[in-house]
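Hi everyone, thanks for making time.

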Amino acid sequence: MIDFAPDETQLAILDSVDRFLQDRLPPDEIRRRDAGHVPPYDLLPALGELGLFRLAVPEEEGGLGLDWRTVMLVQERLGRHAYMVASIFNRVVGFGIASVKGYGSAAQRAALMPKLLEGRLLIALALTEPEAGTDASAIRTRAMRVEGGWRIRGRKTWISDAKGADYLLVAARTDPESSGSRGISLFLVPPTAEGVAMTPLSKVGNNCMPSWDIGFDDVFVPDHAMMGQEGQGFRHMMSTLHNSRASMAATVTGCAQAAVDCALAHAKERVQFGRPLGALQSVRHRLADMQMRVDQSRLTVWHLGWLIATGQKAQREASAAKVIATETLQYVTHHGMQILASAGYSSESDMQRFWRDGRLYTFGEGANEIQREIIAREMGL
Ligand SMILES: Cc1cc2nc3c(=O)[nH]c(=O)nc-3n(C[C@H](O)[C@H](O)[C@H](O)COP(=O)(O)OP(=O)(O)OC[C@H]3O[C@@H](n4cnc5c(N)ncnc54)[C@H](O)[C@@H]3O)c2cc1C
């Protein structure tokens, strides 16, 4: 049975999340960071102190031993308040903890897990290349074996938070004869390593998540920098991205609810033709449609959380949750912009931030076209 009621522990956690967000990220601070392109890396240790990175980690590994449902509730709450903090939370939980736990060596787990749980370590995922976007298996970056380690040569692009990270998790071809998804391995590379050159990329949204183009000019990494099995990097990377879909679906659902809240408040306040916009049937129905879409997205996310927490296969459901949540966000921000009209188009408004930020998520972290392919495959097509 699926139980939809948060238990007392979950309610207490959400209460402390709310207090933290009110204190550290009030609305003006969110707008200041967005306008000034200030990433919330400084908040990571405080999120760590709250215990949020320990939620679904087993007690014997220093975690709280809760399950994925609690993580998703927190992600939704963070996304509803400020996507910038949800994004950085997901990076630690998905790209960091899940990867180190899933395929890190015993030495890597011992060295990295405590810092990740404390919010003192950030790992950025460096997969995409100029010629390898949706087709991630087309990567050309190479790692050549040398005495004591590897030398990495190539280029990555659109890597989020790369300069603020402690490590880049870099996918590189270790078998020079290989093509496609075979012969790829993963390496933990400090962004400060000799031979790494970073150029910032200018973009339309997600201002608090800087994007970088990165050159690797014979960057040396020692043998122990390899994460996971040699030649199995593509499989490892896909498992990281599978986990991150659940995170994205939960946070994007929270953001979509924030967009509906924003449009609803405006429809109650803004008076035209002598009555609030919300008294007009076309606006009322638009808002009803928006809320129904968010409710559907939330139910899909909760169902996915239950599947993960109870150890069931959730390939199809994870892809579906990612598609439904990201397309819901675009739907509600498109209609939210219409309801707010000029008030939404002002750069002061939160709606324009939701609208431009939300454009990324239907193609980022596994394009929705590819998610539909996964769903169709899981349906036996
Ligand atoms: C702001 C931002 C942050 C990012 N952060 C990261 C990051 O941290 N790390 C990282 O490694 N990458 C990151 N990326 C890269 C992101 O993952 C890619 O943009 C994404 O994989 C799509 O690749 P592309 O942009 O080259 O599009 P393309 O691959 O050129 O695709 C263009 C369009 O064609 C569609 N398409 C392609 N192939 C098919 C197919 N077989 N069937 C149907 N449709 C298809 C795509 O879905 C898309 O709609 C980021 C990108 C952005 C913009």
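A polar backbone atom of Leu125 is 2.7 Å from a nitrogen atom of the ligand, which counts as a polar contact, a pair of N or O atoms within 3.5 Å. With Thr134 the side chain takes part: one of its polar atoms is 2.5 Å from an oxygen atom of the ligand. On its own the ligand has 970 Å² of accessible area, and the protein covers 61% of that (Shrake-Rupley method, 1.4 Å probe).

A word on the numbers: this is a predicted model, where local features need pLDDT of at least 70, side-chain atom pairs count only at pLDDT 80 or more, and totals for chains, interfaces and linings use all residues. Residues are numbered from 1 along each chain as its sequence is written, and side-chain values use heavy atoms, with hydrogens and water left out.

Now, the shell. How many residues surround the ligand? There are 15, and the closest are Leu125, Thr128, Thr134, Trp158 and Ser160; a residue is near if one of its heavy atoms lies within 4 Å. Strand E3, residues 149-160, gives the most, with 3 residues (strands are DSSP runs of at least two residues, numbered from the N terminus).

And why does the ligand lie between two domains? Because domain 2 (124-231) and domain 3 (235-378) both give residues to its shell, with bounds from an automatic or database domain assignment.

Notes
Polar contact = N/O pair within 3.5 Å; in protein donor to acceptor, adjacent residues only side chain to side chain. Helix = DSSP H or I, 4+ residues; strand = E, 2+ residues; numbered from the N terminus.
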